[in-house]
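Subject: Structure handover, salt bridges

Hello,

Please find the structure below. My notes on its salt bridges follow.

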Amino acid sequence: MAKQFDVVVIGSGPAGYHAAIRCAQLGFNTACVEKWLNKEDKTVYGGTCLNVGCIPSKALLDSSHKYLEAQKHFADHGIKTGKVELDVPTMIARKEKVVGQLTQGVAGLFKSNKVEGIAGTGKVIAKNKVEVTGHDGKTEELEAKNIIIAAGSVPIDIPPAPVDQDTIVDSTGALEFSEVPKKLGIIGAGVIGLELGSVWARLGSEVTILEALDDFLPAVDRHTAKEALKIFSKQGLDIKLGSKVTGSKVGKGAKKGVTVEYTDKDGEQKAQFDKLIVCVGRKPATANVIDDSVGLELDQRGFVKVDDNCKTNIDGIYAIGDAVRGPMLAHKGMEEGVMVAERLVDKKVQVNYDLVPSVIYTHPEVAWIGKNEDQLKEEGVEYNAGQFPFVVSGRALAAADTDGFVKLLADAKTDRVLGCQIIGPSAADLLQIVAVAMEFSTSAEDLALTMFAHPSLSEAVHEASLALHGHAIHIANRKRR
Ligand code: FAD
Ligand code: NAD
């Protein structure tokens, strides 16, 4: 007989494990099916984010930042270190340890919340049925009143540069290099290209990023993107915009490495790299998760079609996270997981899709939320902008971390905050101040009237809100009122 559950979640990434834990907390008998095996062939929870995404990439970003600081900047603070040496295997092992701690943490949370973790590959075979194929090939059936699909996403491949996880790698392979590639090529100047490009550039790689589009970071406003490009180029990332990769050839023996062919405005080009990272986006991992007979609707790109509440076209089946429309971000999936659980007990929780924070964890970080100036101009919305550069922030100067600015935008008539773009130290955390403010429909004046701790980087947000009305204290105001 099939095992009975109130809820079966397929996938234990941030979307799936949040959904499963909240469902169990609300009293539902919940199972979470997960197929991921670690290098020791053990089932691990946490999906892309914990195993090969957000967490390991940030571990390497932090390690490489410390290395760069020790190598280039400690001396400015009067700290003498002698020769700073790099031990890549230890750095990679530390990253693995962090991953292990967090994935075991999710297993512990499943246990304490009484979520049943089931190892194997899940497939929805009927409205209320999931078939699980174990790693030994045996199958079992689970019956559930509700099914939540949280199968996540996988990297997109491109035919001119097929990934072999040795010379040509995807983001997972790029977290595993055993030594620093002398010349590193990257296809795609998106979030992964910039973050992992920064890691290896800080550790000593000569990094070239080939980006097909002529625009850099199209999701960000032109002013912020221009500043980011200037800073990253200064850091040594050679970002070649308008470069379309047409082919690649992996060498053997003494000619190891890869030759990449691409075209740019000057015609056909060639470049030679020791390693090449392909990071041109991700696609939903929905193939083989749903039997055709179920009649679940997918869109042309393979995303499960859902409404604003993550309901699919079939009653009792929900889909969340990277498997559905919207930005592929861990926190977006987490909120969707909790929303679906709450809605099972009729609590009308709603994800605010207008306020999804985005962050690129380079140094300085680039973070944004809500509308940017380009969008407001295009929509014909009258707005006021307040900007504050970190170069005059006492805290940023004390830390010798002065690149970038905070830009705050508010409606010209109502003063309601409409958006914020930050490029600077701790931009992710600073942005969250504005995210909370926007969630509560705060005005720029409310932020201006709030007391901020001194000296803190957050004062840059405060000064930007003051600058918006021409009241900034530490910079010359464009307009005085
Ligand atoms: P996933 O995390 O992909 O999890 C899906 C899970 O489902 C996987 O464990 C998979 O094994 C399992 N699964 C799939 N099919 C089945 C099946 N049939 N049966 C059983 N199990 C199945 N986002 C951020 O917000 N911040 C960041 O800093 C960030 N950094 C990133 C860095 C990198 C290098 C990468 C690659 C991604 C990063 N992301 C980041 C994106 C983030 O990882 C994803 O948005 C997030 O993991 C999506 O969560 P999810 O739960 O929808 O899917
Ligand atoms: P991305 O969409 O951020 O960037 C891909 C880039 O590759 C784009 O600039 C695109 O124009 C370019 N591109 C596409 N095809 C190309 C080609 N053939 N040749 C050259 N350039 C090409 O995708 P990503 O960097 O792979 O990241 C995947 C997802 O993971 C993103 O959706 C992102 O949200 C998520 N992620 C988030 C974070 C974070 O939140 N800090 C970090 C890493 C990844």
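Which residues are linked in a network of salt bridges? They are Lys39, Lys95, Glu96 and Glu176. A salt bridge here is a side-chain nitrogen of Lys or Arg within 4 Å of a carboxyl oxygen of Asp or Glu.

This is a predicted model, in which local features need pLDDT of at least 70 and side-chain atom pairs count only at pLDDT 80 or more, while totals for chains, interfaces and linings use all residues. Residues are numbered from 1 along each chain as its sequence is written, chains are lettered from A and ligands numbered from 1 in the order in which they are written, and side-chain values use heavy atoms, with hydrogens and water left out.

Searching the whole structure gives 22 salt bridges. Three further pairs are described here.

- Lys145 and Asp6: the closest N and O atoms are 2.7 Å apart. Lys145 is in strand E6 (residues 139-149) and Asp6 in strand E1 (residues 3-10), 139 residues apart. Strands are DSSP runs of at least two residues and helices (H or I) of at least four, numbered from the N terminus. Lys145 is exposed at 57% relative accessible area, whereas Asp6 is buried at 16% (buried is under 20%, exposed over 50%, partly exposed in between; 1.4 Å probe, protein chains only).
- Lys58 and Glu195: the closest N and O atoms are 2.7 Å apart. Lys58 lies in helix H3 (residues 54-73) and Glu195 in helix H5 (residues 191-202), so the bridge ties together parts 137 residues apart in sequence. Glu195 is buried, with 6% relative accessibility.
- Lys332 and Glu336: the closest N and O atoms are 3.2 Å apart. Both residues are buried. They sit four residues apart in helix H7 (residues 330-344), which means a separation of about one helical turn.

Regards
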